[in-house]
Each structure stands twice: as structure tokens, then as C-alpha cells.
Amino acid sequence: MATPMSLNICSLPSDPLLHVLSYLNYDDLCRCRCTCKRLKELAGEDELWKRQSSIWWLSTSCSSSTWRRHFKEQFKNLGRYIKSYGVLYRTWARLEAFLAEHCPRLLTSIKAGATERELDEIEVKIRYPLPNDVRCSYRMHNGQKLVGPGLMGCMSISNHMRSEYLLDLQTASDCFQEYSGMYGCLPLTLCIHTGCSQFMALSEREGYLRGQVFYPSQDHVVMGPASIDQFVSGNNFTDWFTTHVQRVVQGDYPIIQERIYKYLRDPDCIAVTNNVTVTVGTSFCPELSTVNPPHYFFTYRIRMSMDKSVSPEEACQLDRRYWLITNADGWVDQVEGPGVVGEFPILRPGTTYEWTSCTTFNTPTGTMRGYFTMHYLKTGQPLKVECPEYHMRAPPTCSAGDRRRISSIPSPEEEEVMREATVTGAQLRLNGAPCHSVVDSDEEPMTSEERQNPDS
């Protein structure tokens, strides 16, 4: 009886082995190099590292003598951000391209990236570690100048205006919160008109989830300055920022006079009646809302237009409006009256009329629908133009009481140990200590196993 042959992966030809290796990430390739001389040689093939450079650093050209050395140099500079770099780099690139075409003035307000040293100095100053995705984004762009329109969106109604700027690191750290109710919270945005900001929680001491982004809201039911409720706008920086940019570049927000207006437009929220098209965008106003007591303030922007191909005889004028307003509990209110915002607009072929108004609910969500009574200018004959049903939704909320009940809150002593470790680590990096495991050799990145077994 013949003795069965033992199967050794290294006995396979090079081509199938390289195909298998092409499915591994950079870390696994380094581990493969610690197994045997043949895999050490194959796992160092330039095509494999070209692919890794393309995946993780989005590289299209090699800046070194080999792709593996190129990967290593990128890793030395940005290695701690490798999980966030690709997503955030693409996001910033898409935003810059969009702003260059639609909002060039806004593009000029975006600052150049911060250095690793500046980021470490901020951590020493606030005594909290910044999440890696926050650091990565600020390496690309250090917020914006407090001039012109805000990058994080605008909203205006009557005499109320909001324009949110993405803060630079220095300004954000100067406004770092260490008082009861907002302990360990870093502002990411600021509206200089209203004082409204979005904060990121860096501490769990008061029940916040670390990395969560939110608008604070004073709780007027639970008395005391420490009773801060939340309108949660993102569970982490990457989700928060990429969601905003995606909505901007895909046209969910209107661009008006080079400003990003945060009136979220549902593509299905459209009605065409008698050659008149009506669309609606909605915006939530956290600075005018509260969780307790429940008071949710929304604004909406309606766009009414008539196609230029329509006959001039179809020109018409708006006379009255009618609204059916329903909250999440099914409570219904009806509103009707002359005109809209005190005006009686005329629509002719190729023209558009837009206006902004507002409403409030005692529930986080609600709907509005209705119609406009109009008449043809030529004949005086009346017509009814439908307005589609549109939904208004507040962000998820978390009350101060709920936050303390559901969260595992560290003790002040545990918090202080973490803060001291943050300062120590940042100061070591400022003094030149390495912050990752890539060797300083000019040859290639290696794992700790590879360095311990240089002859393998």
C-alpha cells in the first residue's frame, strides 16, 4: 500500500501561492514572512504591496524604490489612522471637488491640516485622548476660518439665522468643557449667531458615550445646570462627518448663494398638479428645541416652479393655503389662510418661487400635507395645487436621567488615571518616542515576530 504524500503549502507553485497571498491584508502578509524563507520572499512581492498601498493609502503612484517601502513610509507617517484614512480621505476629496464647483468661497475658508505635534499638544492641553478618526480628519484639514458661510450647514427663518463652522483644534480646545453637565465635551462646531454647537464626548464620567456627537439641550423638567439632554447627531466622528458630506454632494441640501442650507430634501417628496411642481425640504432646529419638556422646532422650505415649456396661458397666482398637520401620536391640526408668508406669488413658465416657514411638535416626528388654492391670470379660473406630505424628524434623543441609568460610569479616580496616561503618552511622542511598531529601517515594515526572527 502506497504511503500518502504529506501536503505542504510551500510546495505549491508560486502563482497560486501569490494568488492566495493577494487576499491577505498588510498585517497578515507581515506574519506570513515569519513562517519560512519561501513565504518571506513571496510575501514581499511588489505587486502585493502595490495592492495594499492602493487599498489603505489610495496610492496610484509609488514615491519610493519599491511599493513595500512606499507602504512603510506611509505607515510611519499615518499608521495609527490606517482604519480611518481611506474613508476620510475620500470624503474630504469629494467635498473639496463639490465646493470648488458650487461654493468656491466656502472652499477657501477650509484650513490646511494639523501636524502630529499639534495634535499631541492639544491632548496635553485638554488631558483627554482624541479618537483616531478625529485626529486623522484634522491631519487632512484643521477645521475652517470663522468667516463666510459655515461648512456644517446654514438655516434661516425670519430673524433667526444659523451657520455652523467646523472649528479648528485651537478654538475647539479653548472651548473644552469641564463643568458639571458637560464634563469632558469638546466642541466640533460653532454658530456665532446663536451660540449653538455640536459637541463630542471624550469622557464617560457623566454617562456620555465616548466619541458620540450631539447638540446639548437644557432639561427644564429636572432642575439644575447639570441636567443636559442630548440630540444625538452621530455615534462617532466618521459617521457624523461622512453622512453630512454625502448629503451635500448628492444634492440633498440646496446650495443658495454659495451656502449649504440644511433643508433635507426627500427625492420622493414631490407633487405635480396642473403644470405646477412642488417640492419640500425640512430642517430641525436644536437650538430652539428641548427634550424635556418635549418641544421640537422645525423649519421647512417649499419650492414651487413651472416648467418653461408650459404655455403662457398657464400663468397663475397663489391665493390661499391649507395644511393638515399630524404629530406622532395622531393628533391633527388644520391651518388655512390667505397667501404664504404674507405674499401672493405669481408663477409663469420658467419661474420659481421659494419660501421658508416653521412649525412645532410635542413629539420627535410629525407630518404636514396640504394644498394651495390658485387662479389663472388670464381667465381667473381657480385651480388647486397639491403639496406632497413631508416628514419632520428630530435626531435621536437621550435625556440626562436615561443617560445615567443605562451607562456604566467610571469613577473620578479611574477617569484621572486615564487622563494622566493620555498626557504621559502625548508628552512622550512630543519628545520623540515612537508611536507605532514600524521599524525605522529603510528596507521594509516588519512585525514584532519578524524582528525577533530575522533569519526566518
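This is a predicted model: local features need pLDDT of at least 70, side-chain atom pairs count only at pLDDT 80 or more; totals for chains, interfaces and linings use all residues.
Ser84 touches Asp133 and Cys136, leaving aside residues up to four places away in sequence. Ser84 itself sits in helix H6, which covers residues 82–102. Is Ser84 buried or exposed? Its relative accessibility is 14%, and buried means under 20%, so Ser84 counts as buried.

In general, strands of a sheet pair through backbone hydrogen bonds, either parallel or antiparallel. Here, S1 and strand S2 (residues 160–166) pair in the antiparallel sense over four bridges. Within S2, Ser163 is the residue that stands opposite Cys154.

The last topic is the largest pocket. How much space lies in it? The largest pocket holds about 860 Å³ of space. Its lining consists of 34 residues, and those nearest the pocket centre are Arg247, Tyr253, Leu264, Arg393 and Pro395. Several elements each supply at least two residues of this lining: strand S7 (228–234), helix H11 (237–249), strand S10 (264–273), strand S11 (276–284) and strand S18 (382–393). By residue type, the lining of the largest pocket divides into 16 nonpolar, 10 polar and eight charged residues.

Conventions:
Residues are numbered from 1 along each chain as its sequence is written. Side-chain values use heavy atoms; hydrogens and water are left out. Two strands pair if DSSP finds at least two bridges between them. On a 1 Å grid over the protein atoms alone, a cavity is a set of points where a 1.4 Å probe fits but cannot get out, and a pocket is an open set with protein on both sides within 12 Å along at least five of seven lines; lining residues have an atom within 4 Å of a point. Grid points are joined across faces, edges and corners, and a volume is the space filled by probe spheres set on the points. Ala, Val, Leu, Ile, Met, Phe, Trp, Tyr, Cys and Pro count as nonpolar, Asp, Glu, Lys and Arg as charged, and the others, Gly among them, as polar. Buried means under 20% relative accessible area, exposed over 50%, partly exposed in between (1.4 Å probe, protein chains only). Contact means heavy atoms within 4.5 Å.
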